[in-house]
Amino acid sequence: MTKTLGMARLVEGLREQTGELARVVAGKDPEIRVPTCPEWRLRTLVGHVGQELRWAAGLVRTGERLPVPDPRQADPGAPDGWAEWLREGAEELVLAVREAGADARTHTFLGPRPPVFCLRRMLSDICVHHYDAAFALDAAFGIADDLAAEVISENLDLLSTPAFASARPEVTGPRGRGERIGFRPGSGEGWVITGAPGAPRWERGPVVADVVVSGAVADLMLVFSRRLPPEGGRVTVTGDRALLDRWLALTAF
């Protein structure tokens with residue numbers, strides 16, 4: 001696993017993004033359709049986020065395998081209570097991670113991992129679902145650059161882990177022989193993904209690749225998570241566009 005944000009910033013980021021999601025959805029019509037999650041209504045999205053926060057906290061607390069919850073069965077309650085329910089779920093996970101011992105291991109779909117794995121996974125998911133809700137409700141979406149960058153890195157950590165292919169065989173990844181896909185932010189290090197016969201490899205640094213997506217970090221995160229089309233005008237694509245399209249199609253999860 002590459003260098004990640006420290007525990008304090010992960011906790012702060014989880015609270016930030018959960019709080020922003022809570023602000024966007026509080027009191028809204030539960031039947032509003034979520035275009036970026038086309039099978040979901042707003043109630044399902046809110047239910048999923050609150051449900052998975054509590055599920056992740058249970059994984060950390062018990063150290064046991066727990067059934068993956070079905071978002072369609074989540075009950076977030078009445079819309080005027082959504083904000084508090086979401087924030088309580090985030091605090092439940094934060095408390096569970098903080099109370100876990102230094103040597104604790106949590107059962108995950110990749111096998112035993114430190115509890116911080118769940119914190120990173122939930123932060124990434126909530127950042128993206130915050131955008132989903134904001135888009136559905138025509139509300140402003142904001143995310144700090146370091147959190148958007150963390151979403152990209154966390155997703156790439158998953159895709160480049162050999163066990164991920166076994167856990168999620170439908171996500172085949174950019175198999176290949178050295179083809180490179182780059183994401184270049186306006187400043188700082190970018191991401192270069194290299195296709196390989198097994199799991200893809202990736203690194204942070206200067207971006208030299210067969211196809212490069214350039215733009216603001218938040219927009220790169222949205223392209224990476226298939227929420228923003230590369231041709232939408234907010235990012236620039238240079239090089240082998242077909243390679244990018246193939247990679248985006250094969251790595252959705």
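This is a predicted model: local features need pLDDT of at least 70, side-chain atom pairs count only at pLDDT 80 or more; totals for chains, interfaces and linings use all residues.
A crossing of two helices is left-handed if the near helix is turned anticlockwise from the far one by less than a right angle, and right-handed if clockwise.

Residues are numbered from 1 along each chain as its sequence is written, and side-chain values use heavy atoms, with hydrogens and water left out.

Helix α1 covers residues 7-25 and helix α3 residues 82-99; their axes come within 8 Å and cross at roughly 165 degrees. That makes the two roughly antiparallel, a label for angles over 145 degrees. The crossing of α1 and α3 is right-handed. In contact, meaning heavy atoms within 4.5 Å, α1 residues including Val11, Leu14 and Thr18 meet α3 residues including Trp82, Leu86 and Ala90. The contact residues divide into 13 nonpolar, two polar and four charged. Here Ala, Val, Leu, Ile, Met, Phe, Trp, Tyr, Cys and Pro count as nonpolar, Asp, Glu, Lys and Arg as charged, and the others, Gly among them, as polar.

Next, α5, residues 145-159. Of its 15 residues, 13 are buried, that is, under 20% relative accessible area, with exposed over 50% and partly exposed in between (1.4 Å probe, protein chains only).

Last, two loop residues. Most residues other than glycine have a negative phi. Asp138, between α4 and α5, has a positive phi of about 55 degrees and is exposed at 74%. Arg226, between α7 and β7, has a positive phi of about 65 degrees and is partly exposed at 28%.

Conventions:
Axes are lines fitted to C-alpha atoms, for helices over the stretch in contact, and angles run from 0 to 180 degrees between N-to-C directions. Helices (H or I, at least four residues) and strands (E, at least two) are DSSP runs, numbered from the N terminus. Angles under 35 degrees count as roughly parallel, over 145 as roughly antiparallel, 65 to 115 as roughly perpendicular and the rest as oblique. The expected span of a helix is 1.5 Å times one less than its number of residues.
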